[in-house]
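Here are my notes on this model. Please read them beside the sequence and the coordinates.

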Amino acid sequence: KMEQAFKSFVPPTFSISLFHLISSTPKKEAPAGVQLNNDPPKIFVGYRPSILLSVNGEPSLSVVPNTNLQFVANTQWPLFLDESASTYYLAVGQQWLTASKLDGQWSATKKLPPEMSKVPQDKQWSGLKKIIPPPANTKDPTPDVFYSDKPAEIILFEGQPAYTQIPDTQLQYATNTNSVVFVYKPTQQFYYLTSGRWFSAADLQGPWSYA
């Protein structure tokens, strides 16, 4: 009888606004705020074809199977070391670059160590088969190499920077780069957006600071 009486007062279905449902739901403790690191990365600026050779800390070397060669494991680039000649080899597009040290002067080369012919036998490096040995001719320009073992970014212009005025503002933006670069004309201050953070500098060569 009690159940029948209860059913007579309570309809089989009822509606409640989402707002009231949410407001009556017990709230969890808000998560503690995360302290973001807004230290500026190393910001390189290039005015011709260039690459950023980024290594995560000190180079971590691993042996290429069945060779006396090593590769740098903590970079996204195909980067090899011939320790017997103290020479690094870097694959960029259809060409190879070489240098005696990572932060040194890189130059194009058509000559690889003989054991490099074994590298594509490893599944990890099978994609390099088409450029081992190096192609006789390539139309790719030899890029400049900016090396960093810390977090870094590169602003790459096609020639000297070119800017366009934004109507009804005192801002200009760079038109010959894929990077987001603005100039505030009254102060000639540069503003650069990368990874969701703004950095500013009085000169493109830095120093940069979090904005």
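1. The largest pocket has a volume of about 170 Å³. A pocket here is an open set of points on a 1 Å grid over the protein atoms alone, where a 1.4 Å probe fits, with protein on both sides within 12 Å along at least five of seven lines. Volume is the space filled by probe spheres set on the points, which are joined across faces, edges and corners.

2. The model is predicted: local features need pLDDT of at least 70, side-chain atom pairs count only at pLDDT 80 or more, and totals for chains, interfaces and linings use all residues. Residues are numbered from 1 along each chain as its sequence is written, and side-chain values use heavy atoms, with hydrogens and water left out.

3. The lining of the largest pocket consists of R48, P49, I154, L156, F157, E158, N176, T177, N178 and S179; lining residues have an atom within 4 Å of a point. Four of these residues are nonpolar, four polar and two charged.

4. F44 sits in strand β1 (residues 42-46). Strands are DSSP runs of E, at least two residues, numbered from the N terminus. F44 counts as buried because its relative accessibility is 13% (buried is under 20% relative accessible area, with a 1.4 Å probe and protein chains only). Leaving out residues up to four places away in sequence, F44 touches L52, F146, Y147, S148, A152, E153, I154 and I155 (contact: heavy atoms within 4.5 Å). The C-alpha atoms of F44 and G206 are 9.0 Å apart, at a separation of 162 residues along the chain.

5. An open sheet of six strands runs β3-β4-β5-β6-β7-β8, paired antiparallel (pairing needs at least two DSSP bridges). β3 (61-63) and β8 (107-109) are the edges; each has a single partner strand, so one side of each lacks a neighbour in the sheet. The twist averages 35° from one strand to the next, with axes as lines fitted to C-alpha atoms and angles from 0 to 180 degrees between N-to-C directions. β7 (residues 95-99) pairs antiparallel with β8 over three bridges. W96 has T109 in β8 as its bridge partner.

6. β11 (residues 163-165) and β12 run antiparallel, joined by three bridges. Y163 stands opposite A174 in β12. The two strands form a hairpin with five residues between them, and D168 in the turn has a positive phi of about 65°.

7. β12 (residues 171-174) has Q172 and A174 on a covered face, L171 and Y173 on an uncovered one. A hairpin through five residues joins β12 to β13. L171 has Y184 in β13 as its bridge partner.

Conventions: Helix = DSSP H or I, 4+ residues; strand = E, 2+ residues; numbered from the N terminus. Nonpolar A, V, L, I, M, F, W, Y, C, P; charged D, E, K, R; others polar. Buried < 20%, exposed > 50% of the residue type's maximum accessible area, 1.4 Å probe, protein only.
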